[in-house]
Amino acid sequence: MAKNHKDAEQGRSASVRRIRHQGRNGRLSRERVLATALELVDREGLSAMSMRRVGAELGVEAMTLYRYASSKDAMLDGLVEALYLELDEALAADPAGAEPDWRAELHRVARATHQVAMAHPHVVPLLATRMLAVPLARRPLAVLKDHERVLVLLEQAEVDESTASIVCRAITAWILGYAFVELQAMVANSEETEPAFRLGLHRMPVQELPRLRKTAPAIAEHGGPEGLAAGLDALLDRFAPNAR
């Protein structure tokens, strides 16, 4: 788990790292504004994100930022965009071979998505809430390119169009849902060393929740990339068993 956390931290975008080295009065750009907002949320959580706070981080008035994001909602959409841009960077930094296998490529995309999500846990909820609020065609181009990437790979596998739409939805649901489960709050008292008290199992009624009490310690463990891969293979075997 420590290694996964370290890999996730190393997966932060180059744009975010550059922000830390730029002067407070450096030239503003959309990239810099979004990277600063992302760094703020990484550090303090989504509740800390406001136009005023991002402006203060950059040393400018909040009104100045409306040139780069027209509202707080637009800034939140920008955070989603920043994650998918980071995904593009991660995939470019670890390119596929000359003739990549479609299934191996889907696994590569899934691993990179998981790595980015684990690096920015406070932003992950936006992958659900903003997708619910923003129609498909109005989502950031980086998000749409990710959908396109998966559909291209399914086309390479000669999956028919109607099946491809089902598989694409299932893949998206699995990858994002897996990240949500990995990041769900499980620990009731972080100062406790005894697993049962750490998870607060004594608060669960024994007669009503016997299976959950028994399984909770295992559920609380992160599945990591291995669990992600196992679920993706099961999904592909179910929906595209004959794909080449």
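1. Helix H4 (residues 51-58) has Met-51, Val-54, Gly-55 and Leu-58 as its buried residues. Buried means under 20% relative accessible area, with a 1.4 Å probe and protein chains only; helices are DSSP runs of H or I with at least four residues, numbered from the N terminus. These residues cover an arc of only 100 degrees around the axis, which puts them on the same side of H4. The arc is that of the directions from the helix axis to the C-beta atoms.

2. This is a predicted model, in which local features need pLDDT of at least 70 and side-chain atom pairs count only at pLDDT 80 or more, while totals for chains, interfaces and linings use all residues. Residues are numbered from 1 along each chain as its sequence is written, and side-chain values use heavy atoms, leaving out hydrogens and water.

3. Helix H3 (30-44) and H5 are among what covers the buried residues of H4. Just after H4, Gly-59 has a positive phi of about 80 degrees.

4. In helix H7 (residues 126-133), the residues Leu-126, Leu-127, Arg-130 and Met-131 are buried. Viewed down the axis of H7, they fall within an arc of 115 degrees, so they line one face of the helix. They pack against helix H5 (72-93), helix H8 (141-156) and helix H9 (161-183).

5. For the protein as a whole, the secondary structure comes to 12 helices and 0 strands, a strand being a DSSP run of E with at least two residues. Of the 244 residues, 40% are buried.

6. Contact means heavy atoms within 4.5 Å. Among contacts between residues at least 6 apart in sequence, 66% join residues at least 24 apart.

Technical notes: Buried < 20%, exposed > 50% of the residue type's maximum accessible area, 1.4 Å probe, protein only.
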